[in-house]
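Hello,

Here is the structure for you to look over. My notes follow below it.

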Amino acid sequence: MPEASTMDSTGAAGDRGRSGQIELLREFIPTPERVSQYLEMNIEEVMVQMKSVEGREELYTNLLEHQQDLQQLYPDFRPERLKQHIDLAGETLAQKERFLRDIESPEKKGMFRRAWDSVRGFAKKHPVVATALVAALIAGGVGGALYLSGTLQLAQAGVAAETVKEFIEGTDILNSGMGGMEGFHSLDGVPPGL
Amino acid sequence: VLQCVIQSFMMTTLLLTATEKPLWDKLPAKLREGWEVVEERGAFRDSPERRTMRLQLVHLRDPKLKIFLEKARAATSVDALATLVLSMDLREVMDADLAELFFALGPALLAKVMSSLLQSARTDSDIEGIAALTVIRNALYSSTTASP
């Protein structure tokens, strides 16, 4: 079980706020990386388990054994929501796998390569595309009033206003302080393609 | 659907939803000339929980994006953050990371972006860009409905 002071470097439970101090995430989000850290399991094994009903049940049972630790680290940890979150993580993970497999399939790979090229050029001319994507990128890493203000300023500039605002409001980022894109912290532990 | 997607990327077909079709019909006839519209039937009910989880599962590879995030975190003013966001150049982002970003955004919000673009399209290259986005969105929709 990682110590709270190490969570910042792993992105598992905390993140450095704008003041430089660690902001503790209030709710435990059972991503494959976090689950693998708490249960000291191989991340690929966690991913496999997350894809099956039985596997998720087992992860849930095992995580509940750490309930006290989790409640200490995550003040809003609610055991009754854990199963729902694990199911959602498994479902989202499967969706992402299907999406990446689809665009990398032999019959579509070339088509998507051209699609990405087209989007790059298109986004330069139409900031709405880049802004929406960049908002998705930084939403996980920049929380709080400054980001909201920045979003509002973008809105004044007429750039993807509603989309960006909806994206931000549609996550728990501003309310829970949840942040930290795990991918930036733990690329080494993530299998290629996920 | 695959055939439509392939046609779409041959720049002859647009996969538009029933909501988007009227926006398309409002465009000048000359701009619509040569394009075939096929209905996109994909649907996905997004939610705050789903968006949060997608964000949590993003894994980016490009160090430049990491630097970008660090700059965003270090921004001390609204102006600095807004300037940073608007200065982001997608031409430097690799394919795999673009795919991650689009997955994080999700098909529902991408549809909102596309509606906006359809209303402001003025040139053939605008339509070609929208066609590329319809291809990406179709793949996102498919990923939410296909069997595991």
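Helix 2 of chain A passes helix 4 of chain A in a left-handed crossing. Left-handed here means that the near helix is turned anticlockwise from the far one by less than a right angle. The contact (heavy atoms within 4.5 Å) involves Val35(A), Tyr38(A) and Leu39(A) from helix 2, and Leu59(A), Asn62(A) and Leu63(A) from helix 4. By class, that makes five nonpolar, one polar and no charged residues.

This is a predicted model: local features need pLDDT of at least 70, side-chain atom pairs need 80 or more, and totals for chains, interfaces and linings use all residues. Residues are numbered from 1 along each chain as written, chains are lettered from A and ligands numbered from 1 in written order, and side-chain values use heavy atoms, without hydrogens or water.

Back to the helix pair. The axes of helix 2 (residues 32–39) and helix 4 (residues 53–64) of chain A come within 10 Å and cross at roughly 50°. The two helices are therefore oblique to each other.

Next, the loop between helix 2 and helix 3 (43–50) of chain A, where Glu40(A) sits. Phi of Glu40(A) is near 50°, a positive value in a residue other than glycine.

Last, helix 7 (residues 109–125) of chain A. Its 17 residues reach 25 Å from first C-alpha to last, close to the 24 Å expected at 1.5 Å a residue. That expected span is 1.5 Å times one less than the number of residues.

Best wishes

Key: Axes are lines fitted to C-alpha atoms, for helices over the stretch in contact, and angles run from 0 to 180 degrees between N-to-C directions. Helices (H or I, at least four residues) and strands (E, at least two) are DSSP runs, numbered from the N terminus. Angles under 35 degrees count as roughly parallel, over 145 as roughly antiparallel, 65 to 115 as roughly perpendicular and the rest as oblique. Ala, Val, Leu, Ile, Met, Phe, Trp, Tyr, Cys and Pro count as nonpolar, Asp, Glu, Lys and Arg as charged, and the others, Gly among them, as polar.
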